[in-house]
Amino acid sequence: MTKRLLALTVNGRMREDAVAANLLLLDYLRGTAGLTGTKQGCDGGECGACTVLIDGQPRLACITLAAACEGRVVETIESLAIEGRMSRLQQAFHEKLGTQCGFCTPGMIMAAEALLRRNPRPTDADIREALSGNLCRCTGYVKIIESVHAAAGG
Amino acid sequence: MERMPQFDLRRPASIAEAAALLAAEPGARLLAGGTDLLPKMRRGIERPPVLVDLGAVRDISRIDYADAGLALGAGVTLSQLAMDGRIVHHHRAIAEAARSVAGPGHRSAATIGGNLCLDTRCVFYNQSEWWRATNHYCLKLGGDVCHVAPQGSHCHAAFCGDLAPALLVLGASVELCASRGARVIPLSDLYRDDGVAHLTLEPDEVLVRVLVPARSPALVSGYRKARARGAIDFPLAGVACAVVARNGVLAELKVALTGTNSRPILLTGTEALVGRVIDEATLSALGKLVQKQASPMRTTVTQSNYRRQVAAALAQRLVCELAGYEPSAARASMS
Ligand SMILES: Cc1cc2nc3c(=O)[nH]c(=O)nc-3n(C[C@H](O)[C@H](O)[C@H](O)COP(=O)(O)OP(=O)(O)OC[C@H]3O[C@@H](n4cnc5c(N)ncnc54)[C@H](O)[C@@H]3O)c2cc1C
Ligand code: SF4
Ligand code: FES
Ligand code: FES
């Protein structure tokens with residue numbers, strides 16, 4: 001199959017890669033870009049584990065074509081820590097036990113990151129709504145919500 | 001995990017170019033947010049040789065207000081709709097319906113066009129390739145028996161898009177564009193009662209805009225859906241209502257349903273309730289209208305009779321809420 005050139009920004013760096021038309025953003029990030037922080041949990045669009053930000057909006061990398069991200073700005077979980085120091089949100093998930101097995105965590109954190117940028121002091125309802133597309137089979141969600149509150153300083 | 005099949009990807013810069021690409025390749029499919037089409041391709045339900053991605057087309061992601069009403073570009077996302085202050089204020093049913101679709105990660109990609117042109121759904125159809133193969137497929141795709149109604153020769157898959165009923169009660173029409181020209185039709189004419197071919201859209205037509213006429217400021221609208229979980233799930237039944245109520249009397253009433261039939265339906269017979277005082281008798285008449293016109297079949301794991309009843313109950317509650325009517329102790333007896 002013919003490949004096309006894809007130019008986009010991933011975690012602040014411009015990249016150009018030759019990609020097949022049917023390459024999913026998830027496989028581009030994990031395979032081509034070597035960013036394995038973004039997880040694949042389901043068979044397409046059901047669980048939120050693959051949540052990344054595209055132009056600041058939460059999106060599901062498993063049902064997004066890489067080629068459709070031409071010219072876009074993509075952010076993954078790897079972009080949050082600076083020089084090995086976790087971001088405030090990551091630190092909050094760590095301290096408040098918002099993560100157990102950790103598989104849903106990158107998606108949860110990216111969905112929460114999108115929320116906090118738009119709404120730095122979210123209510124419980126805001127957090128539940130923002131994370132309503134992310135499934136977790138370990139924590140029971142309460143600790144996740146507490147973690148987002150903690151990151152927001154509340 | 002199933003991989004994506006192979007296809008050619010086109011990214012036209014204009015609607016005219018998109019329509020020409022569709023006309024040139026009959027098997028081509030439009031790709032908007034991809035939140036319905038790509039999961040279906042991963043499950044082998046769709047195998048288009050060419051995908052025409054609307055993502056690079058400008059001018060289709062605008063919300064325009066004019067005296068004549070609202071014009072919504074087909075590429076406007078559901079999160080745009082849910083957050084637009086004027087829509088939340090003046091066309092609440094649209095914002096509520098948009099906000100009820102899937103989860104935030106879907107809504108920031110999902111478009112109006114994709115939501116209105118959503119395929120019908122059935123528990124025997126929205127499954128992986130091996131699941132369907134084990135069941136010898138079904139009439140909608142690859143087989144010759146309908147597992148829901150085996151004696152018939154009709155597919156009863158349900159239309160489950162949330163936006164359509166909200167737009168139907170507000171009298172919306174849609175602008176469709178093909179290489180040979182454009183046409184505007186009432187939204188209800190976009191659909192037919194056939195689970196296999198529920199859209200009247202020609203294969204080379206692109207839905208470009210949704211036009212919502214200006215309405216009386218007294219008109220209030222809303223959307224409610226019943227679903228298995230509070231998020232991510234499609235409606236088991238979804239109900240939109242638009243109401244004008246004066247001193248407890250219905251001056252205008254429109255009700256539309258989704259999730260219950262192979263097409264979204266604008267309830268007929270609501271005119272008979274106009275002029276009536278909103279009371280238990282009126283609500284019961286409304287419930288009967290809904291129960292009569294909703295025809296859910298066993299296309300979900302939830303019983304169809306529940307879907308019929310919940311549709312009626314949602315319509316009654318929403319009309320009460322919009323009209324500011326407090327159903328007395330009778331709430332329990334409604335439906
Ligand atoms: C887990 C999950 C939950 C979901 N829950 C819901 C839900 O609760 N309610 C709901 O309504 N939907 C739901 N959906 C389905 C889907 O996300 C939405 O319906 C969405 O609005 C589809 O829009 P899209 O732009 O992503 O469409 P796409 O997937 O891009 O396209 C859908 C169909 O419409 C056609 N199409 C797209 N644009 C046009 C156009 N301009 N003109 C003509 N044809 C066009 C495509 O060819 C395709 O056949 C869910 C999906 C998933 C994966
Ligand atoms: S209603 Fe029948 S034919 Fe249609 S998808 Fe379901 S099982 Fe298949
Ligand atoms: S892996 Fe993308 S939603 Fe589950
Ligand atoms: S921490 Fe295990 S799935 Fe959420």
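A salt bridge is taken here as a side-chain nitrogen of Lys or Arg within 4 Å of a carboxyl oxygen of Asp or Glu. The model is predicted, so local features need pLDDT of at least 70 and side-chain atom pairs count only at pLDDT 80 or more, whereas totals for chains, interfaces and linings use all residues. Residues are numbered from 1 along each chain as its sequence is written, chains are lettered from A and ligands numbered from 1 in the order in which they are written, and side-chain values use heavy atoms, with hydrogens and water left out.

**Between the chains**

In terms of contact (heavy atoms within 4.5 Å), 32 residues of chain B meet 30 residues of chain A. The two chains bury about 2,600 Å² between them, with 54% of it on carbon and sulfur atoms; buried area is the accessible area (1.4 Å probe) that two parts lose on being put together, summed over both. On the side of chain B, B:Leu9, B:Arg11 and B:Arg42 supply 18% of the area buried against chain A, more than any other three residues. One salt bridge joins the side chains of A:Glu129 and B:Arg107, at 2.9 Å from N to O. The largest share of the side of chain B that touches chain A, four residues, comes from helix 6 of chain B, where helices (H or I, at least four residues) and strands (E, at least two) are DSSP runs numbered from the N terminus.

**Between the domains of chain A**

An automatic or database domain assignment supplies the domain bounds, and chain A is divided into domain 1 (3-78) and domain 2 (88-151). Their C-alpha centres lie 21 Å apart, and 16 residues of domain 1 of chain A are in contact with 13 residues of domain 2 of chain A. The area buried between these domains is about 1,100 Å², of which carbon and sulfur atoms give 65%. Within domain 1 of chain A, the residues A:Thr51, A:Leu53 and A:Ile77 lose the most area to domain 2 of chain A, together 41% of what that side buries. The rule finds one salt bridge across this domain interface.

**Salt bridges within the chains**

| Pair | Closest N and O atoms |
|---|---|
| A:Arg117 and A:Glu75 | 2.7 Å |
| A:Glu113 and A:Arg117 | 3.0 Å |
| B:Glu129 and B:Arg47 | 3.2 Å |
| B:Arg215 and B:Glu252 | 3.7 Å |

A:Glu113 and A:Arg117 both lie in helix 3 (residues 105-118) of chain A, four residues apart, about one turn of the helix. A:Glu113 is buried, with a relative accessible area of 15%, while A:Arg117 is partly exposed at 43%; buried means under 20% relative accessible area, exposed over 50% and partly exposed in between (1.4 Å probe, protein chains only). In chain B, B:Glu129 counts as partly exposed at 22% relative accessibility, and B:Arg47 is exposed, with a relative accessible area of 55%.
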